[in-house]
Amino acid sequence: MAPAQQHLPPPILSVLDTTLVRPSGAALPESSLPLTFFDVLWLTSPPVERVFFYRLAADADVATILSNLKASLSQALHAYYPLAGHLRLKHGTADRYELHYHPGDGVTFTVAEYSNEGADFDELATDEPKKVAKIAPLAPTLPEGGVVLALQATVLRGGLAIGMAVHHAACDGASSTRFLHAWSAASTAANGPPPPVTDRALVHDPRSRLYDFFVKAMPTDDQMERVKLSDDQLFATFTLSKEDIQRVKDVVAAEAARRGAAPPRCSSLVVTFGFIWSCYQRAKDNAGSNSGERRTYLCFPVDHRSRMKPPVPDEYLGNCVGAAMHAAPEDQLAAAGADGLFVACTVVAAAIEEAVGSVRSPETIESWIERFKEAAVAGTGMLTVAGSPRFRVYEVDLGFGRPAKVDIVSVARTGAMAVAEGRSSGGGGMEVGISLRAAGMQRFQKCFEDAIAFLHH
């Protein structure tokens, strides 16, 4: 007897076209950029996936928009041609990796259409909790073979989603978003950012000491922690206004005075990380169940371009980020009100201060690995951060206006919080994307709302 036929749900996307977009202009020579110790750290990491949601007029000529996108992408790739290349082992070596460009290489650009049964633009571009399964397909999959960049345009009811997947070993967020701004300039005939600087000798590593250290410490695919996606995995965005951020600064300063302690240096970024970290810890299903001895970790990237000796230019194409990491007692971090905010912001400020000095010598850079191992052994979890308000993702106009929403959808797999500048016209705010299962998201929403209410009581 034949087995009963399984009725699978219809695919959420239909792929309409796939094109290899090559750099424009005169043919570029074959070239290889050796990976530095900053790059090799990310070789086994999952790609960073962003989705930009653009609202389109009802009468928008989508075919022309897509054609213009490919043409402007080709222009942007002329300067950023290494992103059309591939990661590979250098011939004749066992552990020397490079980003290799061969004439004719290009970036895969996929055009897709969301199914009629799918959600419309406003459902997908919302801040409210939405199913990861609905937005994850809007970011392309990196093709096999060491490809470092892929792009996808998905036609939605009422708009267009531009998805980007980039391999972190090729470049950090500062570089990848500078590329997006170059694409934006090519799309709008605006003045673009200065061309990228690709000289890897700018990252000093005498006798490859740090490269050798990090390539040996590089985690295998099996050792990389991933969040197992569940059917009820959600993604939501939470906004801290300029006023909210100032109120946190005031609360932390008042609590420091009450304790007779020196107030931490509370930048808007410190406040955002501290506020979200405290809410995140309080929302855990085991919050309050420990004796107070357990410590949990926060880890976030710090751009070291300006701190290297000599400084590395902002236009440097590659990785130049280190990790800022610190721990806090779980019970103190999860405390409601001023107590939890003071502890969180104090620890975040201390992490930044330590990280700023962590590129002084090879020994301090090597200590990054020990800190990660320390956090892993503790087994109490580590919240990480993706993105930065400095990337100005809401200014990426590809010829049809600024995005209505930008999501880093890959945090659903990594468990990180996604950070960007706020969208409000007044400016000064921050937005944070969080991905949790339904019950966890409900708890986090409640903790966030209660904390905001406390600020303005």
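Begin with the open sheet of six strands, whose order is 1-6-8-9-3-14 and whose pairing is mixed. The model is a predicted one. Select strand 1 (13–21) and strand 14 (405–408): these are the edge strands, each pairing on one side only. Across this sheet, neighbouring strands are turned by 15° against each other on average, direction ignored.

Next, display strand 3 and strand 9, which run antiparallel and are joined by eight bridges. Within this pair, Arg55 stands opposite Gly159 in strand 9.

Helix 5 is mostly covered, with twelve of its 16 residues buried. Among them are Gly173, Phe179, Leu180, His181 and Trp183. The partners of the buried residues include helix 2 (62–79) and strand 11 (295–303). Just after helix 5, inspect Ala189, which takes a positive phi of about 60°.

Finally, move to helix 6 (residues 209–217) and helix 11 (residues 362–378), which pack at an angle of about 10° with their axes 11 Å apart. The two helices, helix 6 and helix 11, are therefore roughly parallel to each other. To view the contact, show Arg209, Leu210, Phe213, Phe214 and Ala217 of helix 6 together with Pro362, Glu363, Ile365, Glu366, Trp368 and Ile369 of helix 11. By class, this contact has eight nonpolar, three charged and no polar residues.

Notes
Residues numbered from 1 in each chain as written. Predicted model: local features only at pLDDT ≥ 70, side-chain atom pairs only at ≥ 80, totals over all residues. Heavy atoms only, no water. Axes fitted to C-alpha atoms, helices over the stretch in contact; angles between N-to-C directions. Helix = DSSP H or I, 4+ residues; strand = E, 2+ residues; numbered from the N terminus. Parallel < 35°, antiparallel > 145°, perpendicular 65-115°, else oblique. Contact = heavy atoms within 4.5 Å. Nonpolar A, V, L, I, M, F, W, Y, C, P; charged D, E, K, R; others polar. Buried < 20%, exposed > 50% of the residue type's maximum accessible area, 1.4 Å probe, protein only. Pairing = 2+ DSSP bridges.
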